[in-house]
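Work through the following exercises with the coordinates open, and try each task before reading its solution.

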Amino acid sequence: MAAVASLLPASAAVPCLPGRCSRLTPTASARRVSFSKSGSRGGCVLGAGGVGTSRGRRAPGVRRNAAAETYVPGSGKYIAPDYLVKKVTAAELEELVRGERKVPLIVDFYATWCGPCVLMAQDIEMLAVEYESNALFVKVDTDDEYEFSRDMQVRGLPTLYFFSPDQSKDSIRTEGLIPIHMIRNIINNEL
């Protein structure tokens, strides 16, 4: 803390009683820089490996909705089989894309550690209910299917691919968190 304080101008150093300060104060370490409330723990931290690093992680056995999820030992991942959006492998996805379909295919490339992917997954689950028989939604975990994701040129997460049932039409690709009404617009008007 003293090293960071020495970098701040003298006017920025305002005295604060221990445990009573509510302003955000910078904290630093050799590998990460974060802003946290004085005396608090946890929160989002930009780590050396990029985003997704946090201090306070739950133990593998402690989950909010443990009945709906199954822990896969050794992988650090949870599986929820009751979701409408099915997780597929690269081979299964290739069959879906090349096969004959009567409905559009929407593919979500995601990662379990990606915050925007979790937010978009909620929207995609709602759309899967809304378009239950009019569109097919699937998801691909980029950590499990790294080579396939690289071949599909997935560079940012979440990435959505929209495949029309008409094989002559080009697919549409979006990257990043997009609003639900934009996804609806693509499904209704572009496919």
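The model is predicted, with pLDDT of at least 70 needed for local features and 80 or more for side-chain atom pairs, while totals for chains, interfaces and linings use all residues. Residues are numbered from 1 along each chain as its sequence is written, and side-chain values use heavy atoms, with hydrogens and water left out.

**Exercise 1.** Determine which strands pair with strand 9 (residues 136-141) and in what sense.

Solution. Strands are DSSP runs of E with at least two residues, helices runs of H or I with at least four, both numbered from the N terminus, and two strands pair if DSSP finds at least two bridges between them. Strand 7 (residues 86-87) pairs with strand 9 in the parallel sense over 2 bridges, and Lys-87 stands opposite Lys-139. Strand 8 (residues 105-110) also runs parallel to strand 9, joined to it by 6 bridges, with Asp-108 opposite Lys-139.

**Exercise 2.** Classify the packing of helix 3 (residues 115-130) against helix 5 (residues 180-190).

Solution. The axes, which are lines fitted to C-alpha atoms over the stretch in contact, with angles from 0 to 180 degrees between N-to-C directions, lie 10 Å apart at an angle of about 40°. The two helices are therefore oblique to each other, given that under 35 degrees counts as roughly parallel, over 145 as roughly antiparallel, 65 to 115 as roughly perpendicular and the rest as oblique.

**Exercise 3.** Is Thr-174 buried or exposed?

Solution. Thr-174 lies in strand 11 (residues 172-175); because its relative accessibility is 12%, it counts as buried (under 20% relative accessible area, with exposed over 50% and partly exposed in between, using a 1.4 Å probe and protein chains only).

Technical notes. Right-handed = clockwise from strand over helix to strand, strands pointing away.
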